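Hi everyone, thanks for coming.

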Amino acid sequence: MSIRFDGQVAIVTGAGNGLGRSHALALAARGAKVVVNDLGGARDGAGASSEAAKAVVAEIVASGGEAIAHGANVAVMSEVEDMVKQAVDAWGRVDILVNNAGILRDKSFTKMSLDDFKLVMDVHLMGSVNCTKAVWDLMKEQQYGRIVMTTSSSGMYGNFGQANYGAAKMAVVGLMNTLGLEGAKYNVRVNSLAPTAATRMTEDLMPEEILAMLVPEAVTAGALLLCHDGAPSRHILCAGGGGYASSRIFETEGVYLDPSQQTPEAVAEHWDEICNTDRQAPLENGAKQSEKFLLKAQAFLQQN
Ligand code: NAD
């Protein structure tokens, strides 16, 4: 299978540096016309500059590709709408959106200000919401769309000092879960990428020899599959240093406790059974959980 994007239009947010830059270059190299979005601030979100996005556009154009730079702050809907309008004015459609822009404001929760919490939520969660909202109806109407959220192991599994970032990164998985359902009949597929790569976001976190192995291009290989016609939907692809894995939320089979046992003491007594992973399974949607519990309750009522 050859993964190509000829004739398609992609928006990659935060594409002036790191992973976004790598995604944008690879999409363009495989035929996509690319909006290279970047606000151009520092790692903590301070400041702004159009230089980084323009440099990536220049690289794409020098290699014979087509790209435009846009400096929208993804947290500001009017700027995002202007970016999507420019893409549509230039190329008539948007097939691919990679929600990649991000910042860090790490601190232990005790020391973290609510402003730092909200800013990180604004960029990662609301940035992804804004960009997705701005292309959603367009993708539904054209019966085609591929959307990638960028999540993180810090959200899925936790990381000291990243309460804001972890909350935002898990929130985009929740967004994916529902939008994947709502987009399915319009051929709009929504997935998440959980990367590990050497970028300015991670440059001071690991030794140089490790960083050398974590090239962004290895993550981009996975990202491009999620951007492709043949993408799955509602999957979390973890990618870093050449490793690729899928992360998923599973639920244990659990237990049914009859009305006489619906007490905290009985829940404690059954804890091992509740947590037993032998028959754990992912659930298709939220209603499946109620269905599972109600079936157990009905079976009890029928027997008694
Ligand atoms: P990076 O700092 O190199 O790139 C992030 C880019 O986003 C920057 O160019 C920045 O200017 C841009 N940006 C920030 N705020 C913006 C805003 N409001 N509007 C538009 N652009 C904005 O970092 P990276 O490592 O390439 O991170 C890319 C994505 O991957 C982020 O969402 C990050 O949280 C996620 N991620 C990275 C890693 C990793 O190992 N590098 C791990 C997990 C998740």
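Let's start with a definition: the expected span of a helix is 1.5 Å times one less than its number of residues. Helices here are DSSP runs of H or I with at least four residues, strands are runs of E with at least two, and both are numbered from the N terminus. Two housekeeping points before we use that. This is a predicted model, where local features need pLDDT of at least 70, side-chain atom pairs count only at pLDDT 80 or more, and totals for chains, interfaces and linings use all residues. Residues are numbered from 1 along each chain as its sequence is written.

Okay, helix α2. It covers residues 51–62, so 12 residues by the DSSP runs, and its first and last C-alpha atoms are 16 Å apart, close to the 16 Å expected.

Which residues of α2 are buried? They are Ala 52, Ala 53, Val 56, Val 57 and Ile 60. Buried means 20 or more other C-beta atoms within 10 Å of the residue's own, exposed means 12 or fewer, and partly exposed is in between, with C-beta atoms placed from the backbone. Looking down the axis of α2, the buried residues fall within an arc of 135°, so they line one face of the helix. That arc is taken from the directions from the helix axis to the C-beta atoms. Here's the general idea: an α-helix has 3.6 residues a turn, so residues three or four places apart point the same way.

The face of α2 turned away from the buried side carries exposed Glu 51 and Ala 62. The cover over the buried residues includes α1, β2 (33–37) and β3 (67–70). Just after α2, Gly 64 takes a positive phi of about 90°.

Now to β3, where we find His 70. His 70 is buried, with 22 other C-beta atoms within 10 Å. Leaving out residues up to four places away in sequence, His 70 touches Val 35, Asn 37, Ala 53, Met 83 and Gln 86; contact means C-beta atoms, placed from the backbone, within 7 Å. His 70 and Thr 13 are 57 residues apart in sequence, yet 9.1 Å apart in space, C-alpha to C-alpha.

For contrast, take Gly 230, in the loop between α8 (216–227) and β7 (236–240). Is Gly 230 buried or exposed? Gly 230 is exposed, with 10 other C-beta atoms within 10 Å.

That's my tour, thanks!

Notes
Two residues are in contact if their C-beta atoms, placed from the backbone, lie within 7 Å.
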